[in-house]
Amino acid sequence: MTGVQTCALPISWTQFQQAARLRSDFVPALLALSEISHQKDNPDQTLRYAADVLWFAPKDREARFLRCLGMIGTGQPAEAELGLRALLKDYPQDRNARLQLALLDIWDKKYNEADILFKSVYQPGSSDIAGLEGRVENYAAQKHIGQAVQMLQSEAERPVAPMQIGRASCRERV
């Protein structure tokens with residue numbers, strides 16, 4: 001993602017809109033507007049701006065992912081699944097696409113497929129626990145709470161890689 005910080009959204013939004021008005025084919029501005037729309041939980045605009053990017057740059061990886069998120073948010077999970085599968089065909093190691101597809105698999109009660117995707121993302125002992133969280137959510141969706149707790153307990157016993165601490169996020173400062 002382009003990394004637009006949350007506390008700068010109103011200013012960024014206006015500036016990116018102005019840039020897109022001046023040049024309707026300015027992909028970086030359109031992409032930023034799609035991402036900001038997603039951050040603001042506006043799936044219609046996420047989808048719209050992602051589609052605009054894809055008009056000019058049909059293979060843009062980030063726009064394809066944002067379009068899928070917009071589809072999910074607008075009640076089009078089947079279309080989003082197709083888009084995520086196509087994205088993974090072109091970019092098999094795309095972490096975000098794997099995670100999102102796994103969440104859709106849980107929603108569709110495809111628990112084994114979801115677990116495979118979560119396992120492919122999760123690295124035991126890593127500070128990135130998205131795959132672990134997904135596996136726990138997958139067990140919880142199946143009402144296998146004991147297995148989820150057992151997995152968390154065994155993970156808690158492993159040494160964890162130190163987390164990288166950068167500057168404080170925008171939300172923490174507000």
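The expected span of a helix is 1.5 Å times one less than its number of residues. Keep that rule for the first stop. The model is a predicted one.

**Stop 1: helix α5**

Select residues 77-90. This is α5, with 14 residues. From first C-alpha to last, α5 reaches 20 Å, close to the 20 Å expected at 1.5 Å a residue.

Now show the side chains. Which residues of α5 are buried? They are Ala-80, Glu-81, Gly-83, Leu-84, Leu-87 and Leu-88. These residues lie on the same side of α5, because they cover an arc of only 165° around the axis. An α-helix has 3.6 residues a turn, so residues three or four places apart point the same way. Turn to the other side of α5, and you find Leu-82 and Lys-89 exposed.

**Stop 2: Glu-81**

Stay on α5 and pick Glu-81. Is this residue buried or exposed? Glu-81 has a relative accessible area of 13%. The cut-off for buried is under 20%, so Glu-81 counts as buried. Show what surrounds it. Leaving aside neighbours within four places in sequence, Glu-81 is in contact with Leu-101, Leu-104, Asp-108 and Lys-110.

**Stop 3: helix α4**

Go back to α4. Its 13 residues should span 18 Å at 1.5 Å a residue. The end C-alpha atoms of α4 are 19 Å apart, which agrees.

Color the buried residues of α4: Glu-62, Ala-63, Arg-64, Phe-65, Leu-66, Cys-68, Leu-69, Gly-70 and Met-71. What covers them? The cover includes α2, α3, α5 and α6.

Then step into the loop between α4 and α5 and select Gly-75. Gly-75 is exposed, at 57% relative accessibility.

**Stop 4: the α2 and α3 pair**

Two packed helices are described by the angle between their axes and the distance between the axes. Select residues 27-39 for α2 and residues 43-56 for α3. The two helices pack at an angle of about 160°, with their axes 8 Å apart. Angles over 145 degrees count as roughly antiparallel, and α2 and α3 are therefore roughly antiparallel to each other. The crossing of α2 past α3 is left-handed.

From α2 come Val-27, Leu-30, Leu-31, Leu-33, Ser-34, Ser-37 and His-38. From α3 come Gln-45, Thr-46, Tyr-49, Ala-50, Asp-52, Val-53 and Phe-56.

Zoom in on Ser-34, which lies in α2. Ser-34 counts as buried, at 0% relative accessibility. Not counting residues up to four places away in sequence, Ser-34 touches Thr-46, Tyr-49, Ala-50 and Leu-66. Leu-66 is one of the buried residues of α4.

Move on to Phe-26, in the loop between α1 (9-22) and α2. Phe-26 is partly exposed, with a relative accessible area of 29%.

**Stop 5: the α7 and α8 pair**

Select residues 111-121 for α7 and residues 130-141 for α8. The pair packs at an angle of about 165°, and the axes are 8 Å apart. These helices are therefore roughly antiparallel to each other. The crossing of α7 and α8 is left-handed. On the α7 side, the contact is made by Tyr-111, Ala-114, Asp-115, Phe-118, Lys-119 and Val-121. On the α8 side, select Gly-131, Gly-134, Arg-135, Asn-138 and Ala-141.

**Stop 6: two loop lysines**

Select Lys-109, in the loop between α6 and α7. Lys-109 is not a glycine, yet its phi is positive, at about 60°. Lys-109 counts as exposed, at 61% relative accessibility.

Finish at Lys-143. Where is this residue found? Lys-143 is in the loop between α8 and α9 (145-156). Phi of Lys-143 is near 65°, a positive value in a residue other than glycine. Lys-143 is exposed, with 70% relative accessibility.

How values were computed
Residues are numbered from 1 along each chain as its sequence is written. This is a predicted model: local features need pLDDT of at least 70, side-chain atom pairs count only at pLDDT 80 or more; totals for chains, interfaces and linings use all residues. Side-chain values use heavy atoms; hydrogens and water are left out. Helices (H or I, at least four residues) and strands (E, at least two) are DSSP runs, numbered from the N terminus. Buried means under 20% relative accessible area, exposed over 50%, partly exposed in between (1.4 Å probe, protein chains only). The arc is that of the directions from the helix axis to the C-beta atoms. Axes are lines fitted to C-alpha atoms, for helices over the stretch in contact, and angles run from 0 to 180 degrees between N-to-C directions. Angles under 35 degrees count as roughly parallel, over 145 as roughly antiparallel, 65 to 115 as roughly perpendicular and the rest as oblique. A crossing is left-handed if the near helix is turned anticlockwise from the far one by less than a right angle, and right-handed if clockwise. Contact means heavy atoms within 4.5 Å.
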